[in-house]
Amino acid sequence: MGLISALEGRSSKHAFVSIIVVLIIGFFLAVLFIYWSTPERDDYVPYLRRGHAHHSHDMLELAGPEQDVGTHDHVNENTSIAEKLYSEVRILCWIMTSPANHQKKARHVKRTWGKRCNKLIFMSSAKDEELDAVALPIGEGLDNLWGKTKEAFEYIYEHHMNDADWFLKADDDTYMIVENLRYMLYPYNPNTPVYFGCKFKPYVKQGYMSGGAGYVLSREAVRRFVVEAIPNPKLCKKENTGREDVEIGKCLENVKVLAGDSRDTNGRGRFFAFVPEDHLIVHVDKEYWYWKYIYYKTDEASFFKFKL
């Protein structure tokens, strides 16, 4: 009887193992079947990073979807504060773009966060019907960014000064949560000469705002920049060459526009110069240029990744 019981136990174990093996094989066969039978799978392959699912740098030059994905509603969402701020803190967003990026980048700003601005304008060197882009009389390229910035603000001053209280400059690869920006700006008077962004400290005594992170000027700051600074070569660089963010920082300082502190009450930043992962993944390189540029002391233990 003991031998029979042992054989029966061993047989049960073999049967149990066989069932597990069959289930595992069946699971993988089902996964393979679903993968190979899904016709849409090729649509997503270009957006996957080879070897790292969360690294955005490999996606920088990839075009987004052709179709507009539209919007969706949140059930029971309370938007009363956002709607109040929309009417009381009017923001004109102007986007620095170029013909090569109209379809790859700029169109997606218009389809996403750009809709939240009170007014959205794309500044380029060529017109675009979809974007309704303004064709500024200046060429493209890094050497023309400063000239393009001056032309853009002059255009806005001439045509749109009464359309907004604050004027945001952003690149076509910048993402802005406009509701949070309005919340930050709410306590400030747009008739005060001030501007905000990610503040750097070299080159300009009071600091200047990183161009890549975007920066926002009060109505009075725009007026002083266009009316007082740009026409005077002693206050503002006349040539179109130079780093746009540094040059506008010098001009604004010369006409007494304050480089404001955009941090929250806990000293946390609100404007960021890099993609989100570089601000979330802890990996500090003390030799990286950022540490020499950032105006305010940063908690290096929990804030940035800098080996890009």
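These legends describe close-up views of a predicted model.

**View 1. The whole chain in outline.** The protein chain has nine helices and nine strands. Of its 308 residues, 40% count as buried. Take the contacts between residues at least 6 apart in sequence: 70% of them join residues at least 24 apart.

**View 2. An open sheet of seven strands.** The strand order is β3-β2-β1-β4-β8-β5-β9, and the pairing is mixed. Strands β3 (134-135) and β9 (258-259) form the edges, each pairing on one side only.

View 3. Helix α7 (residues 244-254) lies across β4, β5 and β8. Its angle to β8 is about 25°.

**View 4. Helix α3, largely enclosed.** Helix α3 covers residues 102-111, and seven of its 10 residues are buried, so the rest of the structure largely encloses it. Which residues of α3 are buried? They are H102, K105, A106, R107, H108, V109 and R111. These buried residues pack against β1 and β2.

**View 5. The W146–F225 ring pair.** The structure holds 20 aromatic pairs. In this one, the ring centres of W146 and F225 are 6.2 Å apart. The planes meet at 40°, so the pair is tilted. W146 belongs to helix α4 (residues 145-159) and F225 to helix α6 (residues 219-229), so the pair ties together parts 79 residues apart in sequence. Are the two residues buried or exposed? W146 is buried, with a relative accessible area of 0%. F225 also counts as buried, at 0% relative accessibility.

**View 6. F225 in the nonpolar core.** The largest nonpolar core has 68 residues. Within it, W113 and F225 touch the most other members. Strand β1 gives the largest share of this core, six residues. In soluble globular proteins, nonpolar side chains tend to be buried together. Which residues does F225 contact, leaving aside its neighbours within four places in sequence? The partners are W146, K150, F153, I230, C236, I248, C251 and L252.

View 7. The ring centres of F200 and Y290 lie 6.3 Å apart. Their planes stand at 85°, so the pair is edge-to-face. F200 is in strand β6 (residues 199-200) and Y290 in helix α9 (residues 290-293). The pair links distant parts of the chain, 90 residues apart. Both F200 and Y290 are buried. One aromatic cluster takes in F200, Y203, Y208, F274, Y288, W289, Y290, W291 and Y293.

View 8. The charged end of K199 sits over the ring of Y295, 4.4 Å from the ring centre. R263 lies over the face of Y296. Its distance from that ring centre is 3.7 Å.

**View 9. A82 and V178.** A82 lies in helix α2 (residues 80-88). It counts as partly exposed, at 32% relative accessibility. A82 and V178 are 96 residues apart along the chain, and their C-alpha atoms are separated by 9.6 Å.

**View 10. Two loop residues with positive phi.** Most residues other than glycine have a negative phi. D132 is not a glycine, yet its phi is positive, about 55°. D132 lies in the loop between β2 and β3. It counts as exposed, at 61% relative accessibility. K256 is not a glycine either, and has a positive phi of about 60°. Where is K256 placed? It is in the loop between α7 and β9. At 66% relative accessibility, K256 counts as exposed.

How values were computed. Residues numbered from 1 in each chain as written. Predicted model: local features only at pLDDT ≥ 70, side-chain atom pairs only at ≥ 80, totals over all residues. Heavy atoms only, no water. Pairing = 2+ DSSP bridges. Helix = DSSP H or I, 4+ residues; strand = E, 2+ residues; numbered from the N terminus. Contact = heavy atoms within 4.5 Å. Axes fitted to C-alpha atoms, helices over the stretch in contact; angles between N-to-C directions. Phe/Tyr/Trp six-rings, centres within 6.5 Å; stacked < 30°, edge-to-face > 60°. Buried < 20%, exposed > 50% of the residue type's maximum accessible area, 1.4 Å probe, protein only. Lys NZ or Arg CZ within 6 Å of the ring centre and 35° of its normal. Core = buried A, V, L, I, M, F, W, Y, C linked by side-chain atoms within 4.5 Å.
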